[in-house]
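These are my notebook entries on one structure. I record what I looked up, one topic at a time.

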Amino acid sequence: MRIPVDIKDHAYEVIVERGAVQKADRYLDLGRKVLLLTEVNIPADYVECIRKQCKECHVVTVKEGEQSKSLPVYGEVMHALVEHGFTRKDCLVSVGGGVVGDLGGFAASTYMRGIDFYNIPTTVLSQVDSSIGGKTAINYDGIKNMVGTFYQPKCVLVDPDTLRTLPRRQVANGLAEALKMAMTSSASLFRIFEEDDPFMQLDRILPEAIGIKADVVMQDEKEANLRKILNFGHTIGHAIETTKLPGECYHGECVALGMVAVTSGQVRERLLAVLKKLEIPTRIDFSTEAVMQALLHDKKKGGESITAVLVDEIGSCRLEEVPPSFFEERLHSILRA
């Protein structure tokens, strides 16, 4: 399946196909110098498969986790590009989760003012969300995604077969982001979560979630308005994630907590039922002071208010400017274990 992301001057496709990694050179221009950026936990056969399809390939492997989205690691990628004589005609390919996707996209966008970037996401989370839309970033001074660019890939290759090695918790982590899109934009996608076993419905969930993300990005590439709906659950979610140790709470799990916090009534009850199916916790112990401090650093804050994405009916949403106290009250009343 080919899902177009038709952005002015930056049109590309998301290819969703089982076995696509085995024939990546059909979709990606690998007949040149390629920097292949990956993580230590990515199965070696994925990396080797891509490497063999390249005319000339140089592999850079970084540690797993958000610590790799940093200035020092970004410097290592830059050093590799310079050391191997990459030019504007060459390209960078990320193979892995959202960390190498964000890092690779940022590196590609800044090396020689921009070289071609391809993304091959291998987690549910990166396949349905971070690989699409051109947001690239590294973390800075303890703040997530503080330094970044909007830089669209030339192509995104989504191969559901790469998910077979993921632990169940990691699959649920990514499905939480797809659930976010269902909550804001598609009652029919939500019904798949509600009525079926989401773990067994990836071939249905992935394309629909990707299609929603692509549609939003095409309408609002640089988050002037509509794209803000993709932040549903993220204001509180990012803040909680910032205060936790690596691996203690995954990104999608934190987003799920953020969604619970800003919903109420029947919407919240239906959401809680789906999260139970996904085995995602809906209460957590945290420091309110630490979470609020992280939240107030959030780049979505403008003046004295923060843009909140609110869902009153599943499948639609609204944006509302709220004071920080809105989130503090929700933290106290809903999430504490």
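I begin with a term: a residue is buried when its relative accessible area is under 20%, exposed when that area is over 50%, and partly exposed in between, with a 1.4 Å probe and protein chains only. I note that this is a predicted model, in which local features need pLDDT of at least 70 and side-chain atom pairs count only at pLDDT 80 or more, while totals for chains, interfaces and linings use all residues. Residues are numbered from 1 along each chain as its sequence is written, and side-chain values use heavy atoms, with hydrogens and water left out.

**Entry 1: positive phi angles**

I looked up N145 and found a positive phi of about 55°, although N145 is not a glycine. Most residues other than glycine have a negative phi. N145 lies in strand β8; I use strand for a DSSP run of E with at least two residues and helix for a run of H or I with at least four, numbered from the N terminus. N145 is buried, as its relative accessible area is 18%.

I then looked up M112, another residue that is not glycine, and found a positive phi near 50°. M112 belongs to the loop between α3 (98-110) and β6 (116-121). With a relative accessible area of 38%, M112 is partly exposed.

**Entry 2: M146**

I looked up M146, which is also placed in strand β8. Is M146 buried or partly exposed? M146 is partly exposed, at 32% relative accessible area. For contacts I require heavy atoms within 4.5 Å. Residues up to four places away in sequence being left out, M146 touches I138, N139, Y140 and H297. I noted H297 in particular: 151 residues separate M146 and H297 along the chain, yet their C-alpha atoms are 9.7 Å apart.

**Entry 3: cysteines**

How many disulfides does the structure hold? I found zero disulfides, taking a disulfide to be a pair of cysteine sulfur atoms within 2.5 Å. For C91, the closest cysteine sulfur is that of C54, at 7.0 Å, which is too far for a bond. C91 is buried, with a relative accessible area of 0%. C249 is in no disulfide either, and the nearest cysteine sulfur, in C254, lies 4.6 Å away. C249 is buried as well, at 13% relative accessible area.

**Entry 4: helix α9 and its cover**

I looked up helix α9 (residues 251-261) and found it mostly covered, with 11 of its 11 residues buried. Among the buried residues of α9 are H251, C254, L257 and A261. Which elements cover the buried residues of α9? The cover includes the helices α4 (124-130), α5 (168-185), α8 (234-243), α10 and α12 (324-335), together with strand β8 (143-150).

The axes of α8 and α9 come within 7 Å and cross at roughly 135°; axes are lines fitted to C-alpha atoms, for helices over the stretch in contact, and angles run from 0 to 180 degrees between N-to-C directions. The two helices, α8 and α9, are therefore oblique to each other, since angles under 35 degrees count as roughly parallel, over 145 as roughly antiparallel, 65 to 115 as roughly perpendicular and the rest as oblique. The crossing of α8 and α9 is right-handed. A crossing is right-handed if the near helix is turned clockwise from the far one by less than a right angle, and left-handed if anticlockwise.

The residues in contact are H234, I236, G237, H238, I240 and E241 from α8, and H251, C254, V255, L257, G258 and A261 from α9. By class, I recorded six nonpolar, five polar and one charged. Here Ala, Val, Leu, Ile, Met, Phe, Trp, Tyr, Cys and Pro count as nonpolar, Asp, Glu, Lys and Arg as charged, and the others, Gly among them, as polar.

**Entry 5: helices α6 and α10**

I looked up a second pair, helix α6 (residues 187-195) and helix α10 (residues 265-277), whose axes come within 9 Å and cross at roughly 55°. The helices α6 and α10 are therefore oblique to each other, and α6 passes α10 in a left-handed crossing. The contact is formed by F190, F193, E194 and E195 of α6 with R270, L271, V274 and K277 of α10. These residues divide into four nonpolar, no polar and four charged.

**Entry 6: K277**

I returned to K277, whose place is in helix α10. K277 counts as partly exposed, at 30% relative accessibility. Which residues does K277 contact, leaving aside neighbours within four places in sequence? K277 is in contact with F193, E194, E195, D196, P198 and F199. I also compared positions: K277 and C249 are 28 residues apart in sequence and 18 Å apart in space, C-alpha to C-alpha.
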